[in-house]
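Colleague: I am new to this structure and would be grateful for a close look at one part of it. Could you please describe how a pair of its helices pack together, and what surrounds them?

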Amino acid sequence: MLGYVALNTVIVVWRAGSVASWPLLLLANALTVVLILLLPRAPATRLVVFLGGAYGLILTAAYYTQLGILATDVGHLHDQLVQRWEAALFGGQVSVTWHERAPSLALSWVMHFCYGSYYWLAALPPLFLFVRRAREAFERTAFVLTLAFYVCYTVFALFPVAGPRYFYGNATGPIAEVLPARIVHALLEGGSAYGTAFPSSHVAVSWCAVLSLWRDAPKLALGLAPVALGLSLGAVYGQFHYGVDALAGAALALALTAGADPLRRALAPAARA
């Protein structure tokens, strides 16, 4: 987390000339550092144990908003490059053509429901493990999810991509009128950050949640896997992400899940010291 805050601070200072609110962004970073330094010194109550594992996840909303501010003020996007990758891989812009070629209300309902499930899909695994499993299981899963979020955020900061809905508009027609679609669009209009499409953090975090649960709660992992799959497909079907975004998010989830335990062991001695 300190590594991300340090990189983020460099980016904010670098772009200070284009970002009017840069002093507030630096203040937020400073407060995060204070929190990180104070938590190990707090009494090891159950609340502190929870915050010690989950503070990075709790702060994702604030840092997500910060990314939108940076991308909006600077306006340097890489969508045209990603669209070329999309055309090379899929033969066209699949995020635009898929729902047009398969305008199924039932399919749209399922896809948008799964896509909108992202918020509880990211929160449920650490909460479940904190309440029902050992502290180690909770901290291990919280670490994987935190890693997924902030690796994605690092890419967003250095390689902002707006996504197809900003270039082609929202999907229209009956498939956009089902209730889950209307809810998802309302959520995105109210809180979506510009420049955060590639890789899809929805896909990366959702699959990290499922894969990290496999060791300690395999039944829950199996129950969430279809939702994560529907979310991954719905990201493209609903015209929220390029197909390349979803594939990159899935590949990132596999890589981070495989590398999380070795990284956590490497960081553990420094954390105990």
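Modeller: In this predicted model, helix 3, which covers residues 46-58, packs with helix 9, residues 135-158, at an angle of about 20 degrees. Their axes lie 8 Å apart. Angles under 35 degrees count as roughly parallel, and helix 3 and helix 9 are therefore roughly parallel to each other. Their crossing is left-handed.

On the side of helix 3, the residues in contact are Val49, Phe50, Gly53, Ala54, Gly56 and Leu57. They meet Arg135, Phe138, Glu139, Ala142, Leu145, Thr146, Phe149 and Tyr150 of helix 9. Sorted by class, this contact comprises nine nonpolar, three polar and two charged residues. An α-helix has 3.6 residues a turn, so residues three or four places apart point the same way.

The buried residues of helix 3 are Val48, Val49, Phe50, Gly53, Ala54, Tyr55, Gly56 and Leu57. Among them, Val49, Phe50, Gly53, Ala54, Gly56 and Leu57 are also the residues that meet helix 9.

With a relative accessible area of 9%, Ser212 is buried, because buried means under 20% relative accessible area. Leaving aside residues up to four places away in sequence, Ser212 touches Thr141 and Val144.

Methods
Residues numbered from 1 in each chain as written. Predicted model: local features only at pLDDT ≥ 70, side-chain atom pairs only at ≥ 80, totals over all residues. Heavy atoms only, no water. Axes fitted to C-alpha atoms, helices over the stretch in contact; angles between N-to-C directions. Helix = DSSP H or I, 4+ residues; strand = E, 2+ residues; numbered from the N terminus. Parallel < 35°, antiparallel > 145°, perpendicular 65-115°, else oblique. Left-handed = near helix turned anticlockwise from the far one by under 90°. Contact = heavy atoms within 4.5 Å. Nonpolar A, V, L, I, M, F, W, Y, C, P; charged D, E, K, R; others polar. Buried < 20%, exposed > 50% of the residue type's maximum accessible area, 1.4 Å probe, protein only.
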